[in-house]
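Here is a short report on one protein model. Keep the sequence and the 3D view open while reading.

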Amino acid sequence: MTSSTRRGSATAALLALAIGSFGIGMTEFVVMGLLPDLARDLLPNAWAADHEATIAQAGVLISLYALGVVIGAPTIAGSVARFPRHRVMIVLALALTVFNALTFLAPSFEWMAVSRLLAGLPHGAYFGIGALVASDVLGPGRRAQGVAFVLTGLTVANVVGVPLGTFLGQNYGWRVTFMAVAAVFALATVCIAAFVPHHEGSPERTLRAELRVFRIGQVWLTLAIGAIGFGGFFAVNSYVASMVTEVAHAPAWAVPVVLVTSGVGMTIGNLVGGRLADRDLRRTLLGAFVGTAAVLALIGLAAQWIIALAVLLFALSFCGSILAPSIQTRLMDVAEDNQSIAAALNHSSLNVGNSLGAFFGGTVIAAGWGFVAPAWVGVAMALIGLALTAVGFGLVRRRGRELAPAC
């Protein structure tokens, strides 16, 4: 096989994985743009009484998806570590197809809530195992770029898929949006089966062995960095549709436009973040948290102007997407030989952040503090993430100094 043929096969495999991550990006983030539509359709009585409180109540759908990721990522990734990874990816893509089909069939809010929990279960394992496959394809020294490549489908979804899904939902009903999402996952299943080559698992790894990763203190600290620090991004992003229409007083058609802008920032930030993390992981994480906190503060001050809001949401997505591959690389660094579960745990961590951000953002909205209040919640969460990052790397340097004389 020639080098050009190998590159072509590798590209086809990575693109097949990226189609699945595109679908995950759609199913995770499109709910945020359609939250008012879902609230109005599935909670009609509450909507008639109080729009703002009903939107905050519907925010539990975001939290339930995130909870599914948190539960599914370590348990699924740890349980399947010994199986061939290409077969695991096929099964995960098929599960995502079925669970998102249940979402567009949902007859009630309760059914919708269950389907969102189920749809989140394969999320972390898909990205975690897919990242290991991508990293192996790209070779040593490019791990963060491999992680970023798999995440590219998710970020492109925020440029194309989420705005398109929001447009379809606003004009033809939210069920059409989730029908399209299920179709994307069906395509991903076929492409993974066709193009992802045989990729051995780790036959000696069991769930019990993988769960030993939780004995490592730096793993817990890195998970907290993602869960709390990245939650600042979701505190705002979860309620972006209402911020655009209720705070900036822009028309509903502006929501997909703002989402495209945000998605472009996310795509660029993801690609830049992968390269920066391979060069200097510590500075990349610290800089991204400083930038995230600063942008969130500016959103709190300038959200009433739609142009400023759009620009700031671009910047927020840029900074937030630098964090994702950086935190995953950090987890892989500190997890020792528990790579399968470590790669998936990143998505548990980020989705705890998703859940916490949506919860605290919804709490301040329900308290009557307005749709700008989540930005200030986000500032606090990003600053905590910054502090935890500094502590984590500080402990590593301290341990290095203690071990140096012995070495």
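Helices here are DSSP runs of H or I, at least four residues long, numbered from the N terminus. By that rule, methionine 332 lies in helix α17. The model is a predicted one.

**Overall make-up**

The protein has 19 helices and zero strands. It has 407 residues, and 58% of them count as buried. Take the contacts in the protein with a separation of 6 or more: 84% of them join residues 24 or more positions apart.

**Helices α16 and α17**

Two packed helices are described by the angle between their axes and the distance between the axes. Helix α16 covers residues 281–302, and helix α17 covers residues 306–334. Their axes come within 8 Å. They cross at roughly 155 degrees. Angles over 145 degrees count as roughly antiparallel, so α16 is roughly antiparallel to α17. The crossing of the pair is left-handed. Which kinds of residues make up the contact of α16 with α17? The contact holds 19 nonpolar residues, six polar ones and two charged ones.

The table lists residues with their relative accessible areas. Buried means under 20%.

| Residue | Relative accessible area | Class |
|---|---|---|
| Cysteine 191 | 14% | buried |
| Cysteine 319 | 11% | buried |
| Methionine 332 | 6% | buried |
| Threonine 389 | 0% | buried |

Start with threonine 389. Where does threonine 389 lie? Its place is in helix α19, residues 373–403. Its relative accessible area is 0%, so threonine 389 is buried. Leaving out residues up to four places away in sequence, threonine 389 touches Ile225, Leu285, Leu286 and Phe289.

Now go back to methionine 332 in helix α17. Its relative accessibility is 6%, under the 20% cut-off, and therefore methionine 332 counts as buried. Alanine 344 is 12 residues from methionine 332 in sequence. In space, the two are 9.8 Å apart, C-alpha to C-alpha.

**Cysteines**

A disulfide is a covalent bond between the sulfur atoms of two cysteines. The test used here asks for a pair of cysteine sulfur atoms within 2.5 Å. How many disulfides does this rule give? The count is zero. Cysteine 191, at 14%, is buried. Cysteine 319 also counts as buried, at 11% relative accessibility.

Definitions and conventions:
Residues are numbered from 1 along each chain as its sequence is written. This is a predicted model: local features need pLDDT of at least 70, side-chain atom pairs count only at pLDDT 80 or more; totals for chains, interfaces and linings use all residues. Side-chain values use heavy atoms; hydrogens and water are left out. Axes are lines fitted to C-alpha atoms, for helices over the stretch in contact, and angles run from 0 to 180 degrees between N-to-C directions. Helices (H or I, at least four residues) and strands (E, at least two) are DSSP runs, numbered from the N terminus. Angles under 35 degrees count as roughly parallel, over 145 as roughly antiparallel, 65 to 115 as roughly perpendicular and the rest as oblique. A crossing is left-handed if the near helix is turned anticlockwise from the far one by less than a right angle, and right-handed if clockwise. Ala, Val, Leu, Ile, Met, Phe, Trp, Tyr, Cys and Pro count as nonpolar, Asp, Glu, Lys and Arg as charged, and the others, Gly among them, as polar. Buried means under 20% relative accessible area, exposed over 50%, partly exposed in between (1.4 Å probe, protein chains only). Contact means heavy atoms within 4.5 Å.
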